[in-house]
Amino acid sequence: AILGVKDKPQTFLLAFQNSAEARGTGGILGSYAIVKIENGKLTVQKTGSNAELKSLEEIPLKMPAEYGALYRSDPAIWQNSNLSPHFPYGAEIWMELWRLQTGQNLDGVIAVDPTALSYILRATGPIKLASGEEINFDNVVEKTLKEAYKRFEFDNMGRKQYLVNIMNATFEQIMASKFRKLAMVIAIRDGILENRILIYSTNSDAEALFAKTRLGGFMDTSLNNEYRAVIENIDASKLDYYLARKITVSELECGSSAKTEVKIKVTNTVTDAKNLSAYVLTRGDKNSPRSLVAGQHRFKVFIYGPTNAKLISVSRENRTADLGGASVERKRPIYVADVDLAPGDSEELLANFSGGVGNITFVDQPLVLETKLSIKD
């Protein structure tokens, strides 16, 4: 009932986000499933990888002007539809891309990532692939987001099928009720708390409920004191597996003259670039530096302030790089900067905001390495 109209069959796109290549809601859509939920029972209608999904040149929905200014037409590509951290935007684009490709109208989207899958495998126990390989809670993230790129270095379609095989084996375990119920509840809870499980529904009542919780991945426009720091991969590498983030949100002044400082230190922790596959090390961005070294990673940092706040000053540790610029999304001021880090390098970026109502909150972007977060309110 929580997913829509009670007792009415609901069909969802289940999007598996690959957090080795960062997007606003987590990572790119790597593999997917079409699932039907009826009377509490889950059935899988289809599974596949992004290789069979057809993208467009223009976004198939009318989006706000500010959205176009931030993301241009990039979200017309399946792997870019979720550039915005506001999950409903990505979900709606995915659903329309699916309708245009198949003619099927979906009732919503559920997004998960390999870390959330690891929590689920903690409840189901290990799964076995047809090859006899065991996938479990401890190894699924490393196998899917690191080892698979080396193992299938010269067979990218084989790698994609490997991920689909893991997804299918997990579904078989779940649909056969081979899991511990309490452990599954805890697994789903942990995934929700870390923003690794998101749901969008076309049912207005259900979506209104999701919008008030972490499940909705909703960037509210009501008054708040909420901050975000979002990584957007722009070189098409899979190096966000190795990206560490240390974030500090500090209240400088309170009350009617509230001022808050957000600092993010990003570190490229790659130590074995020579052993990584060319696919992981991809530099698909334009104007990459001539002094490029293996394992160097380029991405954008978006620091979001609260609704109706103002971005009053910014700085960055790398004084030779472009300072960056200001933008806005859903009434939130944003500091946007382009970062390019060689293995072992770090950079700290800072944004000061005025405004904000209530206690400081922070919404974390779910990537592979855990964010080291400190709030000084």
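**View 1. Lys238 and its salt bridge with Glu21.** Lys238 is buried, with a relative accessible area of 4%, in this predicted model. Its side chain meets that of Glu21 in a salt bridge, at 2.7 Å from N to O. Because Glu21 lies in strand β1 and Lys238 in the loop between β8 (226-233) and β9, the pair ties together parts that are 217 residues apart in sequence. Glu21 likewise counts as buried, at 7% relative accessibility.

**View 2. Surroundings of Thr11.** Strand β1 (residues 10-23) also holds Thr11, which is buried with a relative accessible area of 12%. Leaving aside residues up to four places away in sequence, Thr11 touches Ile34, Val35, Lys36, Gln45, Gln104, Leu106, Asp107 and Gly108.

**View 3. The salt bridge of Arg298 and Asp338.** The side chains of Arg298 and Asp338 meet in a salt bridge, at 2.7 Å from N to O. Arg298 belongs to strand β11 (residues 297-304) and Asp338 to strand β14 (residues 332-341), so the pair ties together parts that are 40 residues apart in sequence.

**View 4. The salt bridge of Arg72 and Asp74.** In the salt bridge between Arg72 and Asp74, the closest N and O atoms are 3.1 Å apart. Arg72 counts as exposed, at 54% relative accessibility, whereas Asp74 is partly exposed, with a relative accessible area of 28%.

View 5. Lys246, placed in strand β9 (residues 243-253), is partly exposed, with a relative accessible area of 49%.

Conventions:
Residues numbered from 1 in each chain as written. Predicted model: local features only at pLDDT ≥ 70, side-chain atom pairs only at ≥ 80, totals over all residues. Heavy atoms only, no water. Helix = DSSP H or I, 4+ residues; strand = E, 2+ residues; numbered from the N terminus. Buried < 20%, exposed > 50% of the residue type's maximum accessible area, 1.4 Å probe, protein only. Contact = heavy atoms within 4.5 Å. Salt bridge = Lys/Arg side-chain N within 4 Å of Asp/Glu carboxyl O.
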